Structures are given as structure tokens and as C-alpha cells.
Amino acid sequence: MLRITLAQMRRSAGRLAAAGVAIVIGTAFVAATLLASGVITRMTYDSVAAQYGDADLVVGATQDAPLDVDALAATDGVAAVAPVTAIYAELTDGARSVYQSVVPTADDRLMPLEVTAGAMPSAAGEIALPADVADRLGVTLGDTVDVGRDVVGDDGSWRQVTETPAVVGLLDDPFGAYARTGGAAVVDAATYTTWQTEARGEPVAVTEAAVVVADGTDVTAAQSALAGTVGGATSTDSAPWVVTTDERAAESAAELTGGQDLMFLVFVLTFAAVALVVAGLVITNTFQVLVAQRARTLALLRCVGADKAQVGRSVLTEAAILGLVASVAGVLLGTALGQTALWVAHALDVPVPLPGAVALTWQVVVVPVLVGTVVTVGAALVPARVATRVAPLAALRPADSPSTSRRAGKVRLVLSLLTAAVGFGLLAAGAALGTVWQEPTLGLLAGIAGGALSFVGVAVGAVFWLPRVAAAAGRLVAASGPTARLAAANTLRNPRRTATTSTALLIGVTLVAMMTTGAASARTSLTAALDEQFPVDVMVTSTASDADGEQEALSGELRADVAAVDGVRATTDVSEILVRATSGAGSAATWLPLTAIDPAGGAEVLNAPDVLADLEPGTVLLGEVQAQDLALGTGDSVELTDTDGAVTVTVAVGASGDTSYLTTDDLAALSSDASVTGMYLALDDGVDAASAVGAIQDVVADSGESAQVTGVASQRALFDQVIDTMLGIVVGLLAVAVVIALIGVANTLSLSVIERRRESATLRAIGLSKAQLRGMLAIEGLLIAGVGAVLGVVLGLVYGWAGAGAALGIMGDVSLSVPWLEITLVLVVALVAGLVASVAPARTALKASPVEALATE
Amino acid sequence: MDTTVYVPIDDGARDAVAPTDHVPAVRARALTKTYGTGQAQVRALDGVDVDFAAGRFTAIMGPSGSGKSTLMHLLAGLDSATSGQAFLGTTDVTALGDKALTRLRRDRVGFVFQQFNLLPMFTAEQNITLPVELAGGTVDRAWFDTLVTTLGLSERLTHRPSELSGGQQQRVAIARALIAQPEVVFADEPTGNLDSRSGVEVLSFLRRSVRELGRTIIMVTHDPTAAAYADRVVLIADGRIAGEISDPTPEAVLAGLDALRSLETPVSDDVTPAGA
């Protein structure tokens with residue numbers, strides 16, 4: 001039987017290869033994911049290991065019984081010891097500041113950082129900076145930099161002390177030892193100890209130290225000697241311990257990534273699973289057609305004595321062989337892709353230290369091969385059952401074009417309808433839970449369950465409704481002529497096959513549309529929420545205070561310079577003052593910070609102009625927080641007092657977050673000498689927020705005035721970037737499923753063409769031109785792909801909106817957006833691919849000479 | 001690029017062509033077709049000269065492998081000749097490119113196949129009118145009604161091929177072949193897949209198409225009974241014309257075939273005696 005199976009496979013090699021490509025892509029996806037996960041683990045390990053420099057051993061202890069570094073250094077065979085430690089400090093130069101981790105100098109062998117210019121600091125008042133940090137701060141060798149560090153006073157209170165060490169060295173981090181903390185600055189060990197002690201208020205215990213063993217000393221001997229010194233063991237089971245650097249690095253890398261790389265793996269493998277499901281549909285289709293084509297051969301086998309089980313097994317064996325071969329090819333492809341990506345990354349000099357080669361573990365090979373084979377065999381189960389149903393009698397019937405248009409069962413219809421109904425119900429409930437009852441967790445759960453369930457219902461029922469939709473679409477195009485009529489009729493000949501093919505595409509397109517719609521809705525909703533929370537693009541605020549503790553004014557010159565920066569659309573001046581608020585006779589006065597603004601000017605610069613709608617002379621617009629603190633509501637009156645007098649104003653509670661506003665007119669009554677302490681800026685639409693904020697920072701820094709530039713604009717840009725990046729990754733991953741589905745469309749068309757060889761020849765004989773035949777297949781491809789894509793987009797919109805409703809309802813009004821660009825792109829890709837998919841089959845069909853129509857087999 | 005200018009004959013002119021023996025609808029001149037090269041070369045047709053009269057029902061007969069199907073394929077422009085010429089009216093079919101051949105098949109030639117070759121997803125009516133639609137023309141309803149009535153298909157127009165008997169399917173195929181009023185209809189073993197009663201029915205319809213509707217039909221068959229329905233039988237053997245019988249009877253055809261066989265050099269066993 002195996003011989004027959006192999007012979008049949010050889011005869012159908014081309015068709016099997018086309019279907020195998022789907023499995024190849026799916027398993028390559030899985031293999032590449034596993035490899036990427038391995039690379040991430042490896043990177044973490046490398047960077048952790050790099051932290052210890054060239055240390056041979058690592059010694060660890062607990063806070064309660066810390067290490068004595070001097071005792072370690074005095075131990076036999078120890079060449080150098082360095083505590084593993086870091087503190088954080090704020091490095092500032094002018095208006096730019098960087099929050100930076102700082103480490104002490106150490107023995108060269110234990111220092112993972114390399115000096116690229118200058119030298120390591122050797123005394124107090126010196127510092128070495130990572131080269132990129134120095135760039136960002138705009139300092140170079142010989143400049144000084146402000147280092148703000150925390151100091152704990154005797155009473156336990158915090159204050160910030162500013163030092164101004166000179167930059168003596170620029171550093172590189174070739175092994176990425178501090179890549180996770182954005183590099184590290186270095187100060188000399190004594191200074192470091194002082195800073196660290198002052199930050200804690202007491203000497204800080206050393207709980208981990210890296211040790212270099214002297215030349216000629218056996219590492220194991222040194223390990224035992226150190227274990228003796230600290231009174232600990234040579235494994236990390238209980239502290240104190242002494243282990244080799246490799247052991248320690250492996251362990252802390254596992255601690256660091258324990259959850260994360262698993263999350264990554266699950267996240268990406270979800271998409272791989274989608275791709276494999278789609279690949280499975282393509283396989284099912286291919287085998288169904290193969291079985292139909294071989295009906296005569298199978299019947300003949302039954303005639304000469306093969307039993308049902310043998311016929312079924314033959315199909316499954318074929319699937320297993322195909323799955324195995326394709327999966328192995330997939331692993332090879334995935335590995336090649338992973339390695340290529342690493343090479344490209346190395347060539348592009350990405351700032352993250354990457355391993356040079358992918359690590360092929362047994363899991364990377366076995367898991368995808370196993371999964372790919374199981375999916376292929378699983379997909380062939382139904383066709384195998386169909387094969388067992390071929391009656392021996394079929395061998396005696398005249399060969400007619402094989403037909404698989406069996407009517408699908410009623411049970412299936414009822415089940416799919418029920419599943420879809422329950423699923424969509426749950427989905428609606430999820431959206432309602434999110435928006436109406438503000439229960440995003442429950443809503444999301446219901447939404448995900450409903451979405452999955454309804455999609456299963458839709459996909460299972462596809463055989464009933466998809467051909468009808470295709471028929472309706474076919475009727476639309478059929479009006480355009482006989483070629484289109486032929487194409488439309490062809491797509492309906494085998495509803496099951498058309499349904500499976502379109503469903504494969506439907507899955508991918510639905511998910512892509514869902515993600516883009518969800519992301520677009522999330523972006524719109526979150527942007528609206530951000531606008532309300534942080535209504536100003538950029539704020540420039542004076543940070544200097546005069547002798548009385550009052551904020552100093554921003555000079556008119558600076559304000560003019562800032563307003564002239566490229567990308568600034570409008571500015572308005574504000575005064576920040578602290579007044580006393582009395583909310584009624586007898587009640588105590590409370591300090592209330594107010595921002596005085598001209599309502600017209602404010603409306604000009606605010607992203608949510610409605611915020612100031614209620615602000616007019618004689619009112620104070622309280623933020624919700626302040627209103628709550630003062631127990632005031634809209635319509636109440638409150639007396640405000642400052643140096644020059646008092647005014648009584650009406651309260652309006654607005655959606656202005658935690659800022660309260662007063663008009664500049666009322667301010668004049670309170671304080672005659674109130675100065676402009678800040679300005680609100682609005683940026684031009686579409687301007688690069690980060691660079692505009694940078695330019696404003698430069699202007700402020702150059703002015704010499706003490707002012708702070710805060711820009712929600714750059715935060716929002718960052719936020720948009722995060723959404724875009726995430727979306728890009730997700731859509732990229734889903735695109736794999738769409739590609740597989742399109743292979744399926746091409747495969748289905750090819751199979752149909754082979755089946756219809758005689759018919760194509762007949763059509764050619766009765767006057768169908770080559771162009772018309774090509775056109776017919778192109779329209780078939782367009783119909784199959786188009787129906788799947790359009791329905792996928794519609795479903796994706798529904799899912800995306802429901803998901804956005806469920807998840808984002810808590811943030812306020814959910815704006816349902818349609819990502820027109822992405823959706824148009826998806827549709828165009830699907831349609832173009834449908835067209836392209838028809839090219840190769842058309843070539844095959846055109847090879848059929850009309851003479852074949854006359855041939856009698 | 002095909003440069004042959006093809007001028008279709010309009011219906012009026014075609015009707016004017018008198019069904020006489022003097023105006024051949026189809027001619028072959030030194031028509032030769034070989035397959036393979038060198039030792040393995042097979043001469044399927046070896047310099048055939050033959051005329052087929054317009055308005056007549058002609059059968060081409062011969063044993064399997066005699067070249068009768070090849071002759072028909074070449075005459076209909078379905079296959080290319082190695083040398084020689086085949087004329088449809090005054091058009092040299094062998095000189096035409098694919099585009100011109102497609103238009104020729106669409107407008108001037110009709111086909112009836114042994115396997116019927118109807119499109120399963122279309123109704124009988126849609127199958128019949130398909131050639132006209134492919135050509136972008138409008139169906140001549142009067143002619144359609146005449147055909148449908150003559151072929152007895154009026155009650156079956158909305159049925160799909162799977163709902164029709166073999167004889168009915170072949171009648172639909174004949175209607176399809178005649179709908180564009182072609183100059184000639186080629187029929188390849190039209191009764192090969194039919195039981196004898198349906199076969200007789202189909203042959204009668206073919207003859208009526210010639211006698212009553214003035215069509216020209218060339219039929220390839222190896223069944224002497226079928227051949228006897230024709231006005232004339234052309235016998236072919238070993239790729240050459242071996243004789244002809246006018247106003248044939250089954251007995252005359254059989255006799256002709258026997259004569260052929262006795263003339264032939266010892267034949268291999270797989271040559272099936274005609275009518276077996």
C-alpha cells in the first residue's frame with residue numbers, strides 16, 4: 001500500500017508542493033519564533049554575564065549578613081574584587097537632563113565598560129559618561145555636568161544635592177552590560193561609596209561581588225577558599241554562596257526573563273497558530289480535490305481488494321509524509337530567516353548586543369516539525385474519510401468530472417448558527433459591559449470569548465453562506481459579459497471548496513482588520529482622553545524663585561524667542577500664583593494654586609478648547625481634584641485673597657484635570673505685580689513633536705533663564721509610536737496568515753483548472769479566446785479573494801469596535817474609527833493577490849489544446 | 001502576430017450559397033501531419049486531397065488510427081498541419097494564427113463532441129447560446145426557436161446537463177454547434193457515448209439539420225450504421241483517402257471497410273474492426 005501511496009504522491013507532486021508551501025510558511029513561523037525567543041534569552045544572559053566583566057567567580061550574600069569586600073580580597077588566590085552595585089542620579093546640562101545609573105570604578109578586569117576617550121575617573125570631582133549620554137547632554141571632555149543626587153538627612157527627610165564634576169572620560173558598553181538601564185556613568189569608588197551611603201543614610205551592605213582569580217590559581221580552589229571566607233556553599237541554594245560567573249549569569253537571566261520571554265513566546269505563537277490553522281484549511285482543500293480526482297483509482301483499489309481502512313490510511317500516510325517534509329523545510333527556512341535577520345542586524349550595527357548565530361536547540365527542530373505534521377494529518381482527516389466512501393463501483397462508471405458538491409448537513413447549519421448567535425450575543429454583552437457598566441475586565445473576557453465563538457460559528461457555517469455571498473457578488477459582475485458569467489458560475493460549482501478557500505483568507509483579513517480598527521479606535525479614544533488630561537502641547541515654566549519664594553517671571557525676550565521656534569503654532573502667557581481660598585464665612589482659608597490665563601488666548605492653544613468654555617471674568621474654573629478638596633461645586637461662590645486684595649468669584653467645575661484657572665482680569669484685582677511665569681504653546685499639526693520640543697529646550701537653555709520645558713506633545717508622539725509599532729508587529733505577524741491564504745487561492749484555482757481541462761478545451765473549441773479564458777480565471781480569483789477580504793473587513797470592523805468598546809469604555813466615550821488607509825490596503829492586497837493567483841493556473845489552462853476536448857481519454 | 005485578414009460571411013451571403021456539389025465547403029490539399037521525428041516518426045495524415053460539399057452530410061470512416069480524427073482536427077483548425085493546406089470556404093485554415101482561429105471557430109465552425117462537453121453549471125438554454133455570447137453577439141431568437149423545436153428541446157431548456165439524458169445532452173450540443181449558423185459542423189463520434197436508440201435519434205437530427213435547415217455536417221465515426229445516415233462516406237486508411245461511397249447503406253459501408261482491410265498490409269491486433 002505504501003508503494004501505491006508513494007506512486008500517487010509522485011503523480012500529484014506539483015499540487016502537493018503548492019499545498020506544502022502553506023505548511024512550510026507556518027512551521028517556519030513557529031521555528032523563527034522559538035529561535036527569536038532563544039535569542040532574547042541569550043541576549044539577556046550575555047548582558048547579565050557582561051556585568052561581571054571578566055570575573056571568574058561571583059560571591060553573594062543577604063542584606064542581613066553582607067559581604068566584607070576586604071576579607072574577600074585577602075582570600076588566597078583572589079586577584080581583584082568588585083561589588084556589583086549601581087545608584088541612580090540625574091545628570092543635567094542646561095535644559096537637558098538624563099536620569100542615569102552610576103557605577104563605581106573597579107579593576108580593569110571587572111569593568112565591562114570601555115573608555116573611548118579620556119580616562120576613567122580617579123578622584124572626586126570627576127565622572128565618565130556613556131558617549132551617547134554625553135552627546136544628548138551636549139557635553140564633551142573637560143566640560144562639567146550637574147549631577148543631582150538624593151541625600152537623606154538625619155531626620156529622614158530627602159533633599160537633592162547638586163555636584164558639578166568634570167567629564168574626564170567617554171565610555172562605550174561593547175557587551176551591553178548596562179543596556180537594560182540605558183548605559184552607566186562611572187565615578188571613582190570612594191566618591192561612589194559616599195554618594196551611596198548618603199542616599200541611604202547609612203552604609204549600604206554589599207550583597208554581591210565579582211571576583212577575578214589570580215593567574216595560575218585553580219578556579220575551583222579559589223571557589224572553595226572563598227566559600228571558607230564567607231562561610232557559605234558553592235551553589236546558590238542558600239546564602240552566602242560562591243559560584244562561577246556562568247552559573248550566576250544563567251540564573252539571574254532566568255530570573256530576569258522568567259515571565260517576559262514566555263509572554264513573548266505565547267504572544268507570537270498565537271499568531272503562528274492562526275497561520276497554521278489557515279495552512280490546515282489549504283491542506284484540507286488540496287486533499288479533498290486530490291481524493292476527488294483519484295476517485296477512479298481509489299475505486300479500482302477497492303475493486304482489487306483494498307479495504308476502507310487501507311484507503312483511508314493511504315491518504316493519511318500521504319499527509320504525514322507531506323507534513324514531515326514541509327515541516328523540515330519550514331524549520332530550515334525559519335532558521336535561515338532568523339540567521340539572516342541577525343546578520344542584517346549586525347550589518348546595521350543595532351545598539352543592542354546580539355549573538356552572532358541562532359542557537360538550534362532540539363525544541364526549535366522538534367516542536368515545529370511535530371506541530372506541522374500533526375496539523376497536516378489533522379487537515380487530511382476529512383478528505384481521508386471521503387476517500388473511504390468511494391464505492392468500488394465507481395471504477396466502472398464513466399469518468400466524469402469529479403464532483404464534491406455534497407450537501408452539508410443540517411446539524412452543521414444549526415450548530416454554526418447557534419455558535420454564531422451566542423458568540424455575537426456575548427460580544428455585544430462585552431461591549432456593553434465595557435461602555436455601559438464600565439467593567440473592562442469582564443467586558444474583555446466576554447468580548448474575547450464571544451469573538452472567538454462567533455468566529456468559529458461564522459467559519460463553520462461558511463459553506464452555507466459564503467457561496468451565496470459569492471453568488472450575489474458573481475451576479476453583480478456577471479452583468480459585465482459572458483466571461484464574468486462563466487467565472488461566477490465556476491465559483492459556485494464547488495461551494496465547499498470556494499467556502500474553504502475564502503474562509504482561509506477571511507481569517508487573516510478579519511484579524512488584520514480587527515487589529516487596525518481596534519488600534520485606530522484606541523488611538524482616537526486615548527488621544528481624546530489625553531487632550532482632556534493634558535490639554536497643552538508644550539509648557540514653559542519658570543523654575544527660579546525670588547527671595548520671597550515667588551516664582552520669577554519669564555523675560556519677554558525669551559517668550560518671543562520661544563514663540564518664534566519652528567513648529568510652534570500659537571502661544572499664550574500664563575501666571576501661576578498661590579492664593580488663599582475661603583469658601584464661606586467662618587470656614588478656614590485654604591491654599592489654592594491657580595493658573596491665570598486669557599480665555600481667548602487659552603482656547604487658541606488648548607487641544608481641548610472646551611476645557612475653558614466656562615471660564616469668564618468673575619468665575620474660577622476648578623479642576624475636579626481641587627473642587628473635591630474644597631468641597632465646592634458648580635455655582636458655589638468662593639473668596640480668593642492675595643497680596644493686593646480679594647475677589648469673590650463663582651465656581652465652575654470643569655474637566656481640566658488637576659489644574660484650576662482664573663482669568664487674567666481677575667488676577668489683576670488680586671495681585672497688581674503678578675508676572676508671567678509660564679507660557680502654553682500649541683504646535684503645528686503634523687510637526688515632529690520631539691524635535692520641536694528639543695528646539696524649544698535649546699532656546700530656553702541658550703537664554704540662561706531657569707525654566708522647565710514639559711511637553712505632553714512628545715509623550716503623545718511616543719504613545720502614537722508605541723501603538724504604531726505594536727500594530728505594525730501584529731499586522732506583520734498576521735500577514736503571514738494572509739500570505740498562506742493567498743497561496744490557498746492560487747492552489748484552489750490551479751486544482752479547478754486541472755479538473756476543468758476538458759471544459760477549458762471545449763470552451764476554446766467553441767470560440768473562447770485566450771484573453772477571455774485568462775479573464776475568466778482572473779475574475780474567479782478576484783471573486784474568491786474579494787469575497788473573503790470584504791467579509792473579513794466587515795467582521796474585523798465589528799470585532800475591532802466591540803473590542804475597543806469593551807476595553808476602552810472606562811476611559812470615557814469610545815470613538816469608533818475606521819482605519820480607511822489600512823482597510824483599503826488590505827482589500828487592494830487581497831484583490832491584487834487574487835489576480836496574481838490566477839496567472840499560473842491560466843497558463844496551465846491555456847496549454848490545453850482544443851483537441852483535448854475531442855479526445856476520449 | 002497574425003496578419004491574415006478574415007472577412008466573415010454575413011448571413012445573407014451565406015444563405016445565398018446554394019447547396020450544390022460544385023461549391024466545396026471544406027477542402028484539403030496535400031494535407032500532411034506527422035508526429036515525432038526520425039525512427040519514431042508517425043505519418044498520421046499523408047498528403048490528403050479531399051473536398052466536402054456544402055449542404056451535405058459527410059461521414060469520414062476508417063479503423064482506429066487511420067487518421068480520421070487527425071483529418072477532422074486539421075480541417076477545423078484545432079491542430080496545426082505539418083504541410084499542405086486546409087480550406088474553409090476560401091480561407092486557408094492552416095495559415096491562421098490563434099486569434100484568427102478562435103474567431104473562425106466562434107463564427108464559422110460548430111463542434112459536436114463524443115462526450116457532449118456541456119458546461120455543467122449552465123442550463124440547456126445557456127449552453128446553447130454560449131457561443132453567440134462569447135462572440136459578443138445577440139442570439140437570433142427565430143433561429144434559436146427553430147433549432148429548439150427541430151431538436152425537441154423546448155421542454156428541457158431550463159434543465160442542467162445533469163438532469164438530461166445522454167441523447168438530450170447531445171441534442172443540446174448539436175443546437176450549440178448550430179446556433180451561430182456556422183458554415184460547417186464537425187461531429188466527432190457523436191453517437192459513441194449513446195445507447196442505440198438515442199444514437200438513432202441524434203443521427204436523425206443531424207440529417208434533418210442538413211436536409212431541412214441547409215447546414216453542412218462532417219462527421220467522424222467508425223460505426224457503419226451511423227455512417228449510413230450520411231449522404232456520402234469518405235473512407236480513410238493509413239492516413240490516406242481509400243475510397244468513398246455515395247448514398248451509403250450499412251451494408252455498403254461494411255463492404256467498403258472489409259475491402260479496405262483486405263488491402264491493408266498485416267495490421268496489428270489492436271486495430272478494432274469497424275462496427276465491432
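How many bridges pair strand E1 (residues 24-35) of chain B with E2(B), and in which sense? The answer is in point 2, after a word on the ground rules.

1. Ground rules. This is a predicted model, in which local features need pLDDT of at least 70 and side-chain atom pairs count only at pLDDT 80 or more, while totals for chains, interfaces and linings use all residues. Residues are numbered from 1 along each chain as its sequence is written, chains are lettered from A and ligands numbered from 1 in the order in which they are written, and side-chain values use heavy atoms, with hydrogens and water left out.

2. E1(B) and E2(B) pair in the antiparallel sense over eight bridges; two strands count as paired if DSSP finds at least two bridges between them. Strands here are DSSP runs (E, at least two residues) and helices are too (H or I, at least four), numbered from the N terminus. The whole sheet is open, with antiparallel pairing and the order E2-E1-E4-E5. Strand E2 (42-53) and strand E5 (91-92) of chain B are at its edges with a single partner strand each, so one side of each has no neighbour in the sheet. H2(B) packs on this sheet, touching E1, E2 and strand E4 (83-88) of chain B, and its direction makes about 120° with that of E1(B). Such angles run from 0 to 180 degrees between N-to-C directions, and axes are lines fitted to C-alpha atoms, for helices over the stretch in contact; contact means heavy atoms within 4.5 Å.

3. The six-stranded sheet of chain B. Another open sheet has the order E6-E7-E8-E3-E9-E10, and its pairing is mixed. Strand E6 (109-112) and strand E10 (240-246) of chain B stand at the edges, each with a single partner strand, so each has one side without a neighbour in the sheet. Neighbouring strands are turned by 20° against each other on average, direction ignored. Strand E9 (residues 232-237) of chain B runs antiparallel to E10(B), with six bridges joining them; B:Ile236 has B:Ile241 as its bridge partner in E10(B). Helix H7 (residues 196-211) of chain B lies across strand E3 (57-61) and strand E8 (217-221), at about 155° to E8(B).

4. The interface. Chain B brings 24 residues to the contact and chain A brings 25 residues. The buried area is about 2300 Å², with 63% from carbon and sulfur atoms; this is the accessible area (1.4 Å probe) that the two parts lose on being put together, summed over both. In chain B, B:Phe113, B:Met121 and B:Leu134 lose the most area to chain A, together 24% of what that side buries.

5. Two salt bridges are counted between chain B and chain A, a salt bridge being a side-chain nitrogen of Lys or Arg within 4 Å of a carboxyl oxygen of Asp or Glu. B:Asp98 and A:Arg764 meet in a salt bridge at 2.8 Å, N to O. On the side of chain B that touches chain A, the elements giving two or more residues are helix H2 (68-75), helix H3 (98-108) and helix H4 (124-134). H4(B) gives the largest share, five residues.

6. A link within chain B. The structure holds 20 salt bridges over all chains. The side chains of B:Arg108 and B:Glu183 form a salt bridge at 2.4 Å, N to O. B:Arg108 lies in helix H3 and B:Glu183 in the loop between helix H6 (166-178) and strand E7 (184-188) of chain B, so the pair ties together parts 75 residues apart in sequence.
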